[in-house]
Amino acid sequence: MLFFSLSSLKKYKSTANRLLQTEQKWESFLLEDCSVVELDSRSKLEINFNSKSRKTTLISGQALFKVIKNKDKPFIVRAGNNTITVLGTEFTVKKYSDFTV
């Protein structure tokens with residue numbers, strides 16, 4: 001289990017497409033819906049939130065998602081050929097050149 005303080009979170013506040021990437025081990029980002037994503041080192045995640053959905057694409061690396069519950073706006077994670085759709089939960093996704101978990 002990873003722990004973080006709110007003061008250590010990097011805030012992401014934008015409805016436009018945005019690319020988050022890390023160089024350090026496990027950086028935490030607060031998304032505009034108050035969900036949190038923690039990215040492992042050298043991970044890349046694209047964010048695209050709009051009025052109807054919360055979409056992300058894990059381009060590479062590993063991400064831990066702590067999704068705030070919202071039954072009206074599904075949270076979608078794409079990684080390779082896989083798509084995960086949730087309404088609120090916590091889960092990890094790994095995407096590397098040769099496999100996705």
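Student: Accessible areas come from the Shrake-Rupley method with a 1.4 Å probe, and for residues only the protein chains shown count as cover. What is the accessible surface of the protein chain, then?

Tutor: It comes to about 6,000 Å², and 49% of it belongs to carbon and sulfur atoms. The model is predicted: local features need pLDDT of at least 70, side-chain atom pairs count only at pLDDT 80 or more, and totals for chains, interfaces and linings use all residues. Residues are numbered from 1 along each chain as its sequence is written, and side-chain values use heavy atoms, leaving out hydrogens and water.

Student: How many helices and strands are there?

Tutor: The protein chain has zero helices and ten strands. Both are DSSP runs numbered from the N terminus, helices being H or I with at least four residues and strands E with at least two.

Student: And what share of the residues is buried?

Tutor: Of the 101 residues in the protein chain, 40% are buried. Buried means under 20% relative accessible area, exposed over 50%, and partly exposed in between, with a 1.4 Å probe and protein chains only.

Student: Which residues have the most contacts inside the largest nonpolar core?

Tutor: Val37, Phe65 and Phe75 do, in a core of 18 residues. Strands β4, β5 (44-49), β6 (54-66), β7 (75-79) and β9 (90-96) each give two or more residues to this core. A nonpolar core is a set of buried Ala, Val, Leu, Ile, Met, Phe, Trp, Tyr and Cys residues joined through side-chain atoms within 4.5 Å. In soluble globular proteins, nonpolar side chains tend to be buried together.

Student: What does phenylalanine 65 touch?

Tutor: Beyond four places in sequence, its contacts include Val37, Leu45, Phe75, Val77, Phe91 and Val93. Contact means heavy atoms within 4.5 Å.

Student: Which residue stands opposite phenylalanine 65?

Tutor: Valine 37 stands opposite phenylalanine 65 in β6. Strands β4 and β6 run antiparallel and are joined by four bridges. Two strands pair if DSSP finds at least two bridges between them.

Student: Are the two faces of β4 buried or exposed?

Tutor: Both faces are covered, with Val36 and Glu38 buried on one side and Val37 and Leu39 buried on the other.

Student: Changing topic, what joins β3 to β4?

Tutor: Four bridges do, and the two strands run antiparallel. Leucine 30 stands opposite valine 36 in β4. The two strands form a hairpin with five residues between them, and cysteine 34 in the turn has a positive phi of about 75°.

Student: Why is cysteine 34 called partly exposed?

Tutor: Cysteine 34 is partly exposed because its relative accessible area is 46%.

Student: Where is arginine 42, and what is its phi?

Tutor: Arginine 42 is in the loop between β4 and β5, with a positive phi of about 60° although it is not a glycine. It counts as exposed because its relative accessibility is 61%.
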